[in-house]
Amino acid sequence: MIKAEWFYWLVGLSFLVMASQMLTDRSNPKRFGTTAFWGLLGAGFIYSSWVVEKKAPAEPLGAAVLVMVLLAGFGFTGRGTPRTTTPEQREASALKLGNKLFVPALAIPVVALLCAVLVKKLSISGEPILQEGSETILGLGIGAVVALVVGMIMLREKRISVPVQAGRSMLESMGWAMLLPQLLATLGTIFQLSGVGTQVGKLATSVLPEDSLYVAVVVYCVGMALFTVIMGNAFAAFPVMTAAVGWPVLIEHFHGDAPAVLAIGMLAGFCGTLVTPMAANFNIVPSALLELKDQYGPIKAQLPTAGALLGCNIVVMALFAF
């Protein structure tokens, strides 16, 4: 059986290898802090296996997270100059390969789909090839390895150090923002378990005018957008605002169509995704990778669209969900 834990070990090992490269890169004035940040992350992927199996305490993981927060928060991480090709060489290679450049990227979802749909049904001596319940994450990992091999074959690259150097460069370009999705997912869970939705619901019902459907629709949609701005993820904001306003007020009290209310509410949350730096993968990481002069450029460009879409979602919900 191929276990999901193997995939996590591979990810951790990749971070550790890149951290070792960062340590020897004297072009990075903050190489020691950068090495510590990514090295702790890599070690956490491996050490957590023993935590899950109750063979090791979880406190060191928490301490590592706090150290990483301090390293990033106080600016102890930086970016070096990796050994890579020149822009002219990359442009010439891109023109030569053309659309073939998309083959490695497309290999990842194709392999992941095959693993999740077909390979999960295969077994050897009664044992499934892929760990049950982890077929999708394993498909993602296997797809990434396949994409790496395909890319190296296409580019006729024989040295594994070259893609590792490229990966390290991307890590340093994105920096701590790469970890925001994981942190925000944890924040959403904490909000849900701590009863934030219930308290917001009590506050909303005490302020909302009685039997004012349209005001409730505005509060739900705008609340979804604002909580998404705060939490950086509409999926994290959804349980909070739905428990507060969406379900008790719009669906139970005003008898709204549940699928319509909840689907449009999620779309309203996505409007918040367009305008928050907390949604790092969408707004901050692209500006870092493209080396834009204004790191908030994508947010400023998307702000008018976000406002217009939020207004449209409010109108659509008010007209067609009840």
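Which residue forms a salt bridge with Glu172, and how many Å apart are the closest N and O atoms? The partner is Arg168, and the closest N and O atoms are 3.2 Å apart. A salt bridge here is a side-chain nitrogen of Lys or Arg within 4 Å of a carboxyl oxygen of Asp or Glu.

Before going on, a word about the model. It is a predicted one, in which local features need pLDDT of at least 70 and side-chain atom pairs count only at pLDDT 80 or more, while totals for chains, interfaces and linings use all residues. Residues are numbered from 1 along each chain as its sequence is written, and side-chain values use heavy atoms, leaving out hydrogens and water.

**Salt bridges**

By this rule, the count comes to five salt bridges. Here are some of them:

| Arg168 | Asp25 | 3.1 Å |

Arg168 forms a salt bridge with Asp25. Arg168 lies in helix α7 (residues 161-174) and Asp25 in the loop between α1 (4-23) and α2, so this pair ties together parts that are 143 residues apart in sequence. Helices are DSSP runs of H or I with at least four residues, numbered from the N terminus. Arg168 and Glu172, by contrast, are four residues apart in helix α7, so about one helical turn separates them. Together, Asp25, Arg168 and Glu172 are linked in a network of salt bridges.

How open are these residues? Buried means under 20% relative accessible area, exposed means over 50%, and partly exposed is in between (1.4 Å probe, protein chains only). Arg168 and Asp25 are buried, and Glu172 is buried too. In the other pair, Lys55 is exposed, with a relative accessible area of 62%, and Glu53 is partly exposed at 44%.

**A charged residue without a partner**

Arg31, in helix α2 (residues 31-52), is buried yet has no salt bridge. Leaving out residues up to four places away in sequence, Arg31 touches Met22, Leu23, Thr24, Asp25 and Arg26; contact means heavy atoms within 4.5 Å.

**Nonpolar cores**

A nonpolar core is a set of buried Ala, Val, Leu, Ile, Met, Phe, Trp, Tyr and Cys residues joined through side-chain atoms within 4.5 Å. The largest one has 32 residues, and Val217, Tyr220, Val245, Leu250 and Met317 have the most contacts inside it. Two or more residues of this core come from each of α9 (196-207), α10, α11 (234-253), α12 (258-273) and α14 (297-320). Apart from it lies another core of twelve residues, including Met18, Met68, Leu71 and Leu171.

Thr228 sits in helix α10 (residues 213-231). Thr228 counts as buried because its relative accessibility is 0%. Beyond its neighbours within four places in sequence, Thr228 is in contact with Asn233, Ala234, Ala237, Gly269, Gly272, Thr273 and Thr276.

Pro286 belongs to helix α13 (residues 280-289) and is partly exposed, with a relative accessible area of 26%. Not counting residues up to four places away in sequence, Pro286 touches Ala280 and Asn281.

Technical notes: Lys and Arg count as positive and Asp and Glu as negative; His and the chain ends are not counted.
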